[in-house]
Amino acid sequence: MNVKLKPLKIGKHTIKYPIFQGGMGVGISWDELAGNVSKEGALGIISAVGTGYYKKMHFVEKIVSSKPFEAINFYSKQALNEIFKNARKICGSNPLGANILYAINEYGRVVRDACEAGANIIVTGAGLPTNMPEFTKNFPEVALVPIVSSVKALRIICKRWEERYQRLPDAVIVEGPLSGGHQGFKYEDCFKEEFQLENLVPQIADEIKKWGDIPVIAAGGIWDRADINKMIALGASGVQMGTRFLGTKECDAKAYAEILPSVKKEDIKLIKSPVGYPARAINIGVLQRLQEGNAPKVRCISNCVSPCHRGIEAKAVGYCIADSLGKGHLGDKLEGLYFSGANGYRIEKIITVKELIYELTQE
């Protein structure tokens, strides 16, 4: 029997259905996907990663042959504004979020850019965003939602925010190790029972009561209404889903519509990333080039994430994440990188966002 889905209040913003669409970059969740998700009553989240690839805006072409040059262009403020403007044409005044990785270069600047562009909610993972409120002081209406993968991480964030900024998160996302993209766990821990989402959610839900009435959003491997019901029963107020939205017609990275229906379970791998975290992706494109020994030469152009140390970690793992995800967005199946959650192989046909939200929310 379905649990009744209630509207979810995040800070000053109310979402009709307690479903976040995961922020997926480069160029997977931009205006078309996020705008349509918010239009249908869930929370559309725009990825702020690699916005310089949006409609090929703000490339320094003469220097770098159509790749965004340095973080100022890779995280293009002008392109982010354009993405939000076009998403708003679709969803109107419904709440709209931005996902900004903590590991990126110029994190604080990009958070401010997102606030100015019109984000109602900022989501941050890939690191512990202990200074996140620092960059939103002039935007008190913007809700802040960190992603955590342990009780310890939650405690650190709540304690630091309360001491330094006299505020607490407006919600927290607890993400288990079945999600697509970067994981908040060591490689070997992704396979251990104690780190699976169903074991993390009750712990986080219990701990957060000590800090206040803060919604917990469960993420990582959520597939259908039965999963949503299960997570709410375990103490979550809502869920975040990324991979299901890869299989929609509105997904901004159009190559997924061609790739996913033929993906098998064994095609989805946990890989090493220049960001310093394990990441889950489909074993095609640049990953196959690596196995063949003919991957593109790593040349740091975009200076995208601080843990990469200007291409040192990219050379160690064999690929540039900015270039590879950018090529994925552009549909390059030979050298692109295609992130997916562990359930990506379950997408058999491409449907609309409206159909997916209906499937997930009907009583």
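A disulfide is a pair of cysteine sulfur atoms within 2.5 Å. I start with that cut-off, and I keep in mind that this is a predicted model.

**Entry: cysteines**

I checked C320 against its closest cysteine, C304. The two sulfurs are 5.7 Å apart, so that is too far for a bond. C320 itself counts as buried, at 12% relative accessibility. Then I looked up the total, and the structure holds zero disulfides. C115 is in none either: I find the nearest cysteine sulfur, in C91, 16 Å away. C115 is buried too, at 6% relative accessibility.

**Entry: the sheet**

Next I traced an open sheet of eight strands with parallel pairing. I noted the order as β3-β11-β10-β8-β7-β6-β5-β4. Which strands stand at the edges? I find β3 and β4 (44–47) there; each has a single partner strand, so one side of each is left without a neighbour in the sheet. On average, neighbouring strands are turned by 25 degrees against each other, direction ignored.

I zoomed in on one pair. β5 (residues 96–99) and β6 (residues 121–124) run in the parallel sense and pair over three bridges. A98 stands opposite I122 in β6. A reminder to myself: strands of a sheet pair through backbone hydrogen bonds, either parallel or antiparallel.

Then I looked at what lies across the strands. Helix α6 (residues 151–165) lies across β7 (143–148) and β8 (172–175), and I noted that α6 runs at about 150 degrees to β7.

**Entry: helix α14**

Which residues of α14 (residues 353–361) are buried? My list reads V353, L356, I357, L360 and T361. Seen down the axis of α14, these fall within an arc of 115 degrees, so they line one face of the helix. On the other side of α14 I see K354 and Y358, both exposed.

I also wanted to know what covers the buried residues of α14. The cover includes the strands β3 (19–21) and β11 (238–241). It also includes the helices α1 (31–39), α8 (225–233) and α9 (243–246).

**Entry: salt bridges**

I looked up the count: 17 salt bridges in the structure. Side chains of opposite charge can pair when their charged atoms come close. I picked a few to look at.

E32 and K254 form one, with the closest N and O atoms 3.0 Å apart. E32 lies in α1 and K254 in the loop between α9 and α10 (255–259), so the pair ties together parts that are 222 residues apart in sequence. Both ends are partly exposed: I have 29% relative accessible area for E32 and 40% for K254.

K137 and E134 form another, and here too the closest N and O atoms are 3.0 Å apart. K137 counts as exposed at 55% relative accessibility, while E134 is partly exposed at 33%.

My last pair is E207 and R155, whose side chains meet at 3.3 Å, N to O. This pair links distant parts of the chain, 52 residues apart: E207 is in α7 (residues 197–208) and R155 in α6. Is E207 buried or exposed? I find E207 buried, with a relative accessible area of 4%, whereas R155 is partly exposed at 40%.

One more note before I stop: salt bridges that share partners join E106, R109 and D113 into one network.

Note on methods
Residues are numbered from 1 along each chain as its sequence is written. This is a predicted model: local features need pLDDT of at least 70, side-chain atom pairs count only at pLDDT 80 or more; totals for chains, interfaces and linings use all residues. Side-chain values use heavy atoms; hydrogens and water are left out. Buried means under 20% relative accessible area, exposed over 50%, partly exposed in between (1.4 Å probe, protein chains only). Helices (H or I, at least four residues) and strands (E, at least two) are DSSP runs, numbered from the N terminus. The arc is that of the directions from the helix axis to the C-beta atoms. Contact means heavy atoms within 4.5 Å. Two strands pair if DSSP finds at least two bridges between them. Axes are lines fitted to C-alpha atoms, for helices over the stretch in contact, and angles run from 0 to 180 degrees between N-to-C directions. A salt bridge is a side-chain nitrogen of Lys or Arg within 4 Å of a carboxyl oxygen of Asp or Glu.
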